[in-house]
Amino acid sequence: MPDSANGLWHAALIWISAIGAYFAGDSGRVLIASGLGGMTRWLASERIRVRDGLVAIITGAVAGRYLWPLALSMLGLEETPNNVAMAAFITGTLGISLVKIIAAVAESRAAKIGGGNG
């Protein structure tokens, strides 16, 4: 009888190790820092709902992942691992605010086009 449970255990261990290695690296640090920036912005909001929290964390992670070089250059800092993580946190926090501003502008323009009936 083949030992398939042992093979499954080894595959799971390899996947867990790969995920741990990713989050321990520079890309993982950026993703975690920017996601925590989105979570911080969500916790500072008036209404705290779980659905909004998940959206804030994902939006913060995406914004931080792609916009941290912009924040780093605007702050005038050199590219060290800690500075990159800080820039990712800042862009994660500001990313969700930017999305809220864009959504508010789109809603107001839609209300203007639709005659203000909602």
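The charged end of Arg65 lies over the ring of Tyr66, 5.8 Å from the ring centre; a charge counts as sitting over a ring if NZ of Lys or CZ of Arg is within 6 Å of the ring centre and within 35 degrees of the ring normal. The model is predicted, so local features need pLDDT of at least 70 and side-chain atom pairs count only at pLDDT 80 or more, while totals for chains, interfaces and linings use all residues. Residues are numbered from 1 along each chain as its sequence is written, and side-chain values use heavy atoms, with hydrogens and water left out.

The partners are Tyr22 and Phe23, edge-to-face at 5.4 Å centre to centre, with 75 degrees between the planes. Tyr22 has a relative accessible area of 38% and is partly exposed; Phe23, at 37%, is partly exposed too. On this scale buried means under 20% relative accessible area, exposed over 50% and partly exposed in between (1.4 Å probe, protein chains only).

The C-alpha trace spans about 70 × 45 × 25 Å along its principal axes, and buried residues make up 25% of the 118 residues.

The largest pocket has a volume of about 270 Å³. Its lining has 13 residues, and Ser45, Arg47, Asp52, Ile96 and Lys100 are the closest to its centre. Helix H3 (50-75) and helix H4 (81-113) each give two or more residues to this lining. A pocket is an open set of points on a 1 Å grid over the protein atoms alone, where a 1.4 Å probe fits, with protein on both sides within 12 Å along at least five of seven lines; lining residues have an atom within 4 Å of a point. Grid points are joined across faces, edges and corners, and the volume is the space filled by probe spheres set on the points.

Conventions
Helix = DSSP H or I, 4+ residues; strand = E, 2+ residues; numbered from the N terminus. Phe/Tyr/Trp six-rings, centres within 6.5 Å; stacked < 30°, edge-to-face > 60°.
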